[in-house]
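Good morning, and thank you for the time on the agenda. I would ask you to look at the sequence and the structure together as I speak.

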Amino acid sequence: MHKKGADVLRVISIFLFSIFVMSQASAEQSQNYEKVVDAVAFKSKIVGTTWAYRWRDREYVFSLSPDGSIGKLNSWSGVSWVVDQPREVILDAGSQQMYLFFNSEASSFKTVDWDGQRATGVRVFEDYQ
């Protein structure tokens, strides 16, 4: 009887551990799903917008084109953009990346420019929406 009791306890322990592991995996999947949904919603807010970029006391205008390219700023013509997570855009210039961190309204951002200096941007208008 003692062995049967230990076996039953072991089976119950494994069962409870399996349920715990599955619920943890489900919670992680749910969080990942929410992150993706929020990132897509954020991207729809900013795609086709034009920005005034302030760097070194000068202002430059660029747009976030629907095809993932940067428009209007010739010096960034080879740069692409992607939303990695809500309120964050990665500008990719091949060998370098720059991260734009947006406010909750997606009307302004802060960044560290390619050269390491702080810069900011504000939305000017929407082009494509």
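Two strands are taken to pair if DSSP finds at least two bridges between them. Please keep that in mind, and note that what you see is a predicted model. With that definition, let me start at β1 and β2. These two strands run antiparallel and are joined by 6 bridges. As for cover, 6 of the 7 residues of β1 are buried.

Let me now step back to the whole chain. The protein chain contains 1 helix and 8 strands, and the order from the N terminus is α-β-β-β-β-β-β-β-β. There are 129 residues, of which 28% count as buried. Among contacts with a separation of 6 or more, 41% come from residues 24 or more positions apart.

What does the interior look like? The largest nonpolar core has 23 residues, and those with the most contacts inside it are I46, F62, W76, W81, V89 and L91. Two or more residues each come from α1 (2–46), β1 (49–55), β2 (58–64), β4 (80–85), β5 (88–92) and β6 (97–102).

Beyond its neighbours within four places in sequence, W81 is in contact with a series of residues including K43, I46, L64, I70, V89 and L91. K43 has a further relation to W81: the charged end of K43 sits over the ring of W81, 5.6 Å from the ring centre.

I turn next to the aromatic residues. The structure holds 12 aromatic pairs. Why is the pair of W51 and F102 classed as edge-to-face? The ring centres of W51 and F102 are 5.2 Å apart and the planes stand at 75°, so the pair is edge-to-face; the angle required is over 60 degrees. This pair links distant parts of the chain, with W51 in strand β1 and F102 in strand β6, 51 residues apart. Both W51 and F102 are buried.

Ring pairs link W51 and F102 with F42, Y53, F62, W76, F109 and W114 into a cluster. F62 and W76 are also among the residues with the most contacts inside the largest nonpolar core.

Thank you for your attention.

Technical notes
Residues numbered from 1 in each chain as written. Predicted model: local features only at pLDDT ≥ 70, side-chain atom pairs only at ≥ 80, totals over all residues. Heavy atoms only, no water. Core = buried A, V, L, I, M, F, W, Y, C linked by side-chain atoms within 4.5 Å. Buried < 20%, exposed > 50% of the residue type's maximum accessible area, 1.4 Å probe, protein only. Helix = DSSP H or I, 4+ residues; strand = E, 2+ residues; numbered from the N terminus. Contact = heavy atoms within 4.5 Å. Phe/Tyr/Trp six-rings, centres within 6.5 Å; stacked < 30°, edge-to-face > 60°. Lys NZ or Arg CZ within 6 Å of the ring centre and 35° of its normal.
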